[in-house]
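The stops below go from one selection to the next.

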Amino acid sequence: MAIKGRFSLCLSQGFRMTYALLLFFFLLGIAFGYGAWQQNQAQAAEIIEMLMKNMAGPVFRTGGSNRLFWTGWVFINNLQAGAAIFFLGGLFPFFPPFFISGNGMIIGMLAGYVEFNKLMTRNRFFLGLLPHGLFELAGIFLAAAMGVLWGRRNWLGWLRLRNSPGFFANMKDFVSLIPLVVFLLFLAAIIEIFITPALLSISI
């Protein structure tokens with residue numbers, strides 16, 4: 001019964017509208033990111049290489065080719081992002097869409113980067129991301145939607161447009177969805193490390 005309640009909440013009208021908004025910002029970010037690559041390849045390449053060096057470099061030196069280490073790192077990194085987007089959304093409901101759009105921009109620039117350097121075609125890049133991306137996006141989108149809706153409730157109360165039980169009381173409906181977010185992100189991390197590299201011909 002509890003599981004049924006979680007899914008009915010995830011598919012409620014408010015969540016569906018928020019998902020649509022987040023998807024729009026995500027696709028817009030990808031388009032802008034790819035467009036930015038086309039307009040200024042040198043600067044976009046510098047951003048991509050800096051991100052890879054600062055994020056993956058130290059982790060690779062620590063964990064090497066240990067897939068379990070990488071799975072844990074990806075999972076914790078995504079979990080931290082999900083938690084941040086949820087709690088910041090509770091304060092600033094406009095933050096999650098911009099966070100989602102920013103991630104879309106990075107993906108768009110990365111697609112241009114791998115295509116230009118002939119690492120793989122753009123279509124293969126996106127298809128390779130699809131298996132883990134479906135679960136990762138589902139988890140991040142769910143956390144983002146929870147943040148937007150929580151923040152909306154809070155601001156309606158703060159502006160005295162609707163009676164509000166309080167900041168944390170407004171969050172209680174979303175607590176039951178947190179295990180689902182964790183599960184989706186954990187599954188995405190496993191697929192990203194054990195399956196995606198084979199699809200993209202990347203050695204870990």
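Helices here are DSSP runs of H or I with at least four residues, numbered from the N terminus. This is a predicted model, in which local features need pLDDT of at least 70 and side-chain atom pairs count only at pLDDT 80 or more, while totals for chains, interfaces and linings use all residues. Residues are numbered from 1 along each chain as its sequence is written, and side-chain values use heavy atoms, with hydrogens and water left out.

Select Thr18, which sits in helix α2 (residues 13–39). Thr18 is buried at 7% relative accessible area (buried is under 20%, exposed over 50%, partly exposed in between; 1.4 Å probe, protein chains only). Leaving aside residues up to four places away in sequence, Thr18 touches Ala145, Val148 and Leu149 (contact means heavy atoms within 4.5 Å).

Next, show the aromatic rings. Rings of Phe, Tyr and Trp (its six-membered ring) pair if their centres lie within 6.5 Å; planes under 30 degrees apart are stacked, over 60 edge-to-face, and the rest tilted. By this rule there are 19 aromatic pairs. Pick Phe87 and Trp150: the ring centres are 5.9 Å apart and the planes at 75 degrees, so the pair is edge-to-face. Phe87 lies in helix α4 and Trp150 in helix α6 (residues 122–158), 63 residues apart. Phe87 is partly exposed at 44% relative accessibility, whereas Trp150 is buried at 0%.

Then move to Phe92 and Phe94, a tilted pair with 5.9 Å centre to centre and 50 degrees between the planes. Phe92 is partly exposed at 37%; Phe94 is exposed at 53%.

Note on methods. Helices (H or I, at least four residues) and strands (E, at least two) are DSSP runs, numbered from the N terminus.
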